[in-house]
Amino acid sequence: MKKLEVPLSGGRGYEILIGRGLLDEAGSRMKAVYHGKNIAVIADSNVAPLYAARVEESLRSAGFAVKTVIFPAGEKNKNLATLEMLYDGLLAPAPFALTRSDLIVTLGGGVTGDMGGFAAGTLLRGIPFVQIPTTLLAQVDASVGGKVAVDLRQGKNLAGLFYQPRLVLMDPDTLDTLPERVFLDGMGEVVKHGVIRLPALFSMLEECPSREALRPLMEELLYQNCDCKRQVVIEDEKEAGGRMVLNFGHTLGHAYEKLGGYQTYMHGEAVCCGMAAILHIGERQGITPRGTAARLERLLAAFGLPYKAEAVSKEALLETLSYDKKGSGSDITVVFSTGIGSTLLKKMPKAQFADWVREFCRQEGEA
């Protein structure tokens, strides 16, 4: 088993535990961070049939009273209506109504962690929670850092807060049940960490460009990615500056997701397209070394990941950018690459960035 510590002020630090078999140790691991009796597990309709019973059994064996609240799976359900359903389930009297002295466990992918964490952070003004991420995307990204949210009709993750878990448990065995597309969705964020901070990881992916090749390296892969994000979070917990590097590829990625109605691209797929686009734009503007985009695209193609999205109109992009959380007034901070492993944060007018994107789309269309 591997362990990482996330030290934060005010006694809010927590551990990230990575190891095969941890799912069945959930009960004993909870006792180290929670001394109450009642635990509510939140899971979606895909994950609950796979893992909820095992987690419930482990928790009950450790002496906890347990109830599970299940919601419909999918990004399209990460909204205020589903959140209200979670509140209702958590407060339902049978077998117990949750109080502020109880614990919430989010069991599942990024949607579950985001929405369950948001429910934990807002219900009764805050209930402690533990993350048990079961997808690659959640393990390398969503479960670390304390950002929890739901989507609004205007865009992704626009209602949210920073709310840190008490513990994060990662069992790599849960990745074996993932459909191929869902596994690769998480690889988008893995590749992103390689581009922004971990050139050795990027090279390792180039040498092992398949799910099967990575399987024996999975604990180390999770460790490196979580350590990367952990360090960024420690430096800038609430995204006042440096943490924005984690949004590399996301400005355009979120636009692709939204403009596709959250149906055309999964999150990691959209981020892959966003990363490739921003590398091409950076090369055209003299920010990114020539050949960086081609290197990324070769890696993505080897994994079977997309790297070219449909063109984004300036008007649609400007509307999406108007809700971008990295924006300030008429400006936006864009994360560019200055080579594999390094980045540059550039504050610029949203309209100028939209022009750069439109020019990129036009030239791509002519190619």
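When I call a residue buried, I mean that its relative accessible area is under 20%, and with that in mind I would like to walk through a few places in this structure, which is a predicted model.

Let me start with the aromatic pairs, of which the count comes to 4. One of them joins tyrosine 34 and phenylalanine 64, whose rings are stacked, 5.8 Å centre to centre and with 25° between the planes. Tyrosine 34 sits in the loop between α1 (26-30) and β3 (38-44), while phenylalanine 64 sits in the loop between α2 (48-61) and β4 (65-71), so this pair ties together parts that are 30 residues apart in sequence. Both tyrosine 34 and phenylalanine 64 are buried.

Another pair brings together phenylalanine 129 and tyrosine 163, and because the ring centres are 5.8 Å apart and the planes lie at 10°, this pair too is stacked. Here phenylalanine 129 belongs to strand β6 (residues 129-133), whereas tyrosine 163 is in the loop between β8 (155-162) and β9 (167-170), so that distant parts of the chain, 34 residues apart, are linked. Phenylalanine 129 has a relative accessible area of 1%, and is therefore buried.

On the α6 side the contact is made by Arg181, Asp185, Gly188, Glu189, Val191 and Lys192, and on the α11 side by His267, Gly268, Glu269, Val271, Cys272 and Met275.

How many of the 10 residues of α10 (residues 250-259) are buried? The number is 9, which means that this helix is largely enclosed by the rest of the structure; the buried residues are His250, Thr251, Leu252, Gly253, His254, Ala255, Tyr256, Glu257 and Lys258. Just after α10, glycine 261 adopts a positive phi of about 65°.

In the loop between α9 (218-235) and α10 we find arginine 243, which counts as buried because its relative accessibility is 1%. Leaving aside residues up to four places away in sequence, arginine 243 touches Val144, Gly145, Gly146, Lys147 and Phe162, and also Lys229, Val232, Val233, Asp236 and Glu237.

Definitions and conventions. Residues numbered from 1 in each chain as written. Predicted model: local features only at pLDDT ≥ 70, side-chain atom pairs only at ≥ 80, totals over all residues. Heavy atoms only, no water. Buried < 20%, exposed > 50% of the residue type's maximum accessible area, 1.4 Å probe, protein only. Helix = DSSP H or I, 4+ residues; strand = E, 2+ residues; numbered from the N terminus. Contact = heavy atoms within 4.5 Å. Phe/Tyr/Trp six-rings, centres within 6.5 Å; stacked < 30°, edge-to-face > 60°.
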